[in-house]
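Subject: Structure handover

Hello,

Here is the structure I promised to pass on. Please have it open while you read the notes below.

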Amino acid sequence: MANSSSGGLSFKVVLLGEGCVGKTSLVLRYVDDKFNSKHISTVQASFLNKKLNIEGRRVTLAIWDTAGQEKFHALGPIYYRSSNGAVLVYDITDQDSFQKVKTWVKELRKMLGRDVCLTIIGNKIDLEKDRVVSIEEAEEYATKVGATHFFTSAKLNQGVEEMFLSLTKQMITKQEEKEANGSLARQNSLRRNMLVVTDDEAETEAPTSKSCCGSGGA
């Protein structure tokens, strides 16, 4: 849920995807600029903060890195509830991980509708020679579901910063739209609650009641 305080914005971002696709590596690269070549499985979820300054606005990202193993799938809603953004990660060398992204997208759209900004990530482009998920297929799918799409390599630090920056800007835009719509709705509500009777309306009502009485007397 987006929070606004003392000129700053706070957004919740959740990372979803199969185990071993590199979610934790992406977050650690982005937040701490670190990369560990040894895979360490996330158990349930971990949480990291990243502070940004975008066009003069202070922004804090609360990034939730979730476990990808199937046994933790049922816990997903606990972590992505009230998220402003979701990063759905697949491994470009693993077709099954891309199919899993489609499952997460359906789930997020069902639970959060269009309120959540989606970014789909094809990770591990350092393994381009082993790619099995085509660029065309991935980008076409992202467009179809209203998500942005990026290719990244946590190992080589490619595309990571750009992806999170793009998602943050989307969330800021979405928040501004919601605030503008909320302001408009309040104005419309005030207008509806104001009953204004003009002189013309008052004059047209008087003869009607007279003729009514006249017909009743006859």
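Is Trp-64 buried, partly exposed or exposed? Trp-64 is partly exposed, because its relative accessible area is 26%; buried means under 20% relative accessible area, exposed means over 50%, and partly exposed lies in between, with a 1.4 Å probe and protein chains only.

Before the rest, two notes on how to read the values. This is a predicted model, in which local features need pLDDT of at least 70 and side-chain atom pairs count only at pLDDT 80 or more, while totals for chains, interfaces and linings use all residues. Residues are numbered from 1 along each chain as its sequence is written, and side-chain values use heavy atoms, with hydrogens and water left out.

Overview

The protein chain has six helices and seven strands; helices (H or I, at least four residues) and strands (E, at least two) are DSSP runs, numbered from the N terminus. Along the sequence their pattern is β-β-α-β-β-α-β-α-β-α-β-α-α. Of the 218 residues in the protein chain, 39% are buried.

Strands

Strand β2 (residues 8-17) is largely enclosed by the rest of the structure, because nine of its ten residues are buried. Two strands pair if DSSP finds at least two bridges between them. Strand β2 runs parallel to β4, joined by eight bridges, and Ser-10 stands opposite Thr-60 in β4. Strand β2 also runs parallel to β5, with five bridges; the bridge partner of Leu-15 in β5 is Val-87.

Strand β5 (residues 85-91) is in turn joined to β6 by seven bridges, and these two strands run parallel. Ala-86 has Leu-118 in β6 as its bridge partner. From β5 the chain crosses through helix α3 (residues 95-112) to β6, and this β-α-β crossover is right-handed, a term used if, with the strands pointing away from the viewer, the path from the first strand over the helix to the second runs clockwise.

How many residues of strand β6 are buried? In β6 (residues 117-123), seven of the seven residues are buried. In a regular strand the side chains alternate between the two faces of the sheet. In β6, Cys-117, Thr-119, Ile-121 and Asn-123 point one way, and Leu-118, Ile-120 and Gly-122 point the other way. Four bridges pair β6 with strand β7 (residues 148-151) in the parallel sense, and Phe-151 in β7 is the bridge partner of Gly-122. The chain crosses from β6 to β7 through helix α4 (residues 135-144), in another β-α-β crossover that is right-handed.

The loop between β6 and α4 holds Val-133. Val-133 counts as buried because its relative accessibility is 0%. Its C-alpha atom is separated by 6.6 Å from that of Thr-93, although Val-133 and Thr-93 are 40 residues apart along the chain.

Helix α3

The 18 residues of α3 should span 26 Å at 1.5 Å a residue, which agrees with the 26 Å between its end C-alpha atoms; the expected span is 1.5 Å times one less than the number of residues. The buried residues of α3 include Phe-98, Val-101, Trp-104, Val-105 and Leu-108. At the start of α3, a side-chain oxygen of Asp-94 comes to within 3.0 Å of the backbone nitrogen of Asp-96. Gly-113 follows α3 and has a positive phi, near 60 degrees.

Aromatic rings

How many aromatic pairs does a search of the whole structure find? The search finds five; rings of Phe, Tyr and Trp (its six-membered ring) pair if their centres lie within 6.5 Å, and planes under 30 degrees apart count as stacked, over 60 as edge-to-face and the rest as tilted.

The pair of Phe-47 and Trp-64 is tilted, because the ring centres are 4.9 Å apart and the planes are at 50 degrees. Phe-47 is in strand β3 (residues 45-54) and Trp-64 in strand β4 (residues 57-66), 17 residues apart, and the pair links distant parts of the chain. Phe-47 is partly exposed, with a relative accessible area of 41%.

The pair of Tyr-90 and Phe-98 is edge-to-face, because the planes are at 65 degrees, with the centres 4.9 Å apart. Tyr-90 and Phe-98 are both buried. Ring pairs link Tyr-90, Phe-98 and Tyr-141 into a cluster.

Regards

Key:
Polar contact = N/O pair within 3.5 Å; in protein donor to acceptor, adjacent residues only side chain to side chain.
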